[in-house]
Amino acid sequence: MRAVLLLVAAVVLVAVTVGVQWWDRSAWVADRYPAEVIKDVGRGQSATIHGMSWQLSVAVRPRSTDDNPGATTLVAAVQVTPVSAEEITHFSTPTFEARDRAGHTWEALPTTTLSSLDLHAGKVARLTVVAAVPNDLKDRAELVLSYSGREMLRFAR
């Protein structure tokens, strides 16, 4: 009888130890890699993040003979307007990418850059961002602007 009790106690102790380690590891991962927070921005609308108001429109670039036949190039005309002069001193260029709602992502690169010297409170500055996406997903790809996984804007097309 004593051997059975010791065996049951050992099994319970191992199960509790494994459970605590699993819970601790999942809590550690959740703290360091939080879920993305994406704010959706309607077509033609603007949204403010990091003290800058962002607005953009996306168009399909006409095909040229040098283009990859399996990809479509999207060009986004981006407008950024600083909310205040103080926010300009903290400006940094965000990361851009094209995404669809199924989770596919493609790199999107600015063709020009902006610095704090290019920005003036209340005045629009312009930037162009280009991304190549597969032809069959060109109508579903949206541009996402991000400073981190918790500070993202997704612009509807």
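Which side chains are joined by a polar contact of 2.9 Å? The side chains of Glu 142 and Arg 101 are; a polar contact is a pair of N or O atoms within 3.5 Å, where within protein one must be able to donate a hydrogen and the other to accept it, and residues adjacent in sequence count only if both atoms are side-chain atoms.

The model is predicted, with local features requiring pLDDT of at least 70 and side-chain atom pairs pLDDT 80 or more, while totals for chains, interfaces and linings use all residues. Residues are numbered from 1 along each chain as its sequence is written, and side-chain values use heavy atoms, with hydrogens and water left out.

Glu 142 lies in strand S8 (residues 142-148); strands are DSSP runs of E with at least two residues, numbered from the N terminus. Ala 121 is found in the loop between strand S6 (105-110) and strand S7 (125-134). The table gives their accessibility classes (buried, under 20% relative accessible area; exposed, over 50%; partly exposed, in between; 1.4 Å probe, protein chains only).

| Residue | Relative accessibility | Class |
|---|---|---|
| Glu 142 | 10% | buried |
| Ala 121 | 40% | partly exposed |

Not counting residues up to four places away in sequence, Glu 142 touches Arg 101, Phe 155 and Arg 157, among others, contact meaning heavy atoms within 4.5 Å. With the same exclusion, Ala 121 touches Pro 82, Ser 84, Ala 85 and Ile 88. The C-alpha atoms of Ala 121 and Pro 82 are separated by 4.9 Å, although these residues are 39 apart along the chain.

**Aromatic pair**

One aromatic pair is found in a search of the whole structure. The ring centres of Trp 54 and Phe 96 are 6.3 Å apart and the planes stand at 75 degrees, so the pair is edge-to-face. Rings of Phe, Tyr and Trp (its six-membered ring) pair if their centres lie within 6.5 Å, and planes under 30 degrees apart count as stacked, over 60 as edge-to-face and the rest as tilted. Because Trp 54 lies in strand S3 and Phe 96 in strand S5 (residues 95-99), the pair ties together parts that are 42 residues apart in sequence. Both Trp 54 and Phe 96 are buried.

**Lining of the largest pocket**

A pocket is an open set of points on a 1 Å grid over the protein atoms alone, where a 1.4 Å probe fits, with protein on both sides within 12 Å along at least five of seven lines; lining residues have an atom within 4 Å of a point. The lining of the largest pocket includes Arg 43, Gln 55 and Arg 157. Strand S3 (52-60) gives the most to this lining, with four residues.
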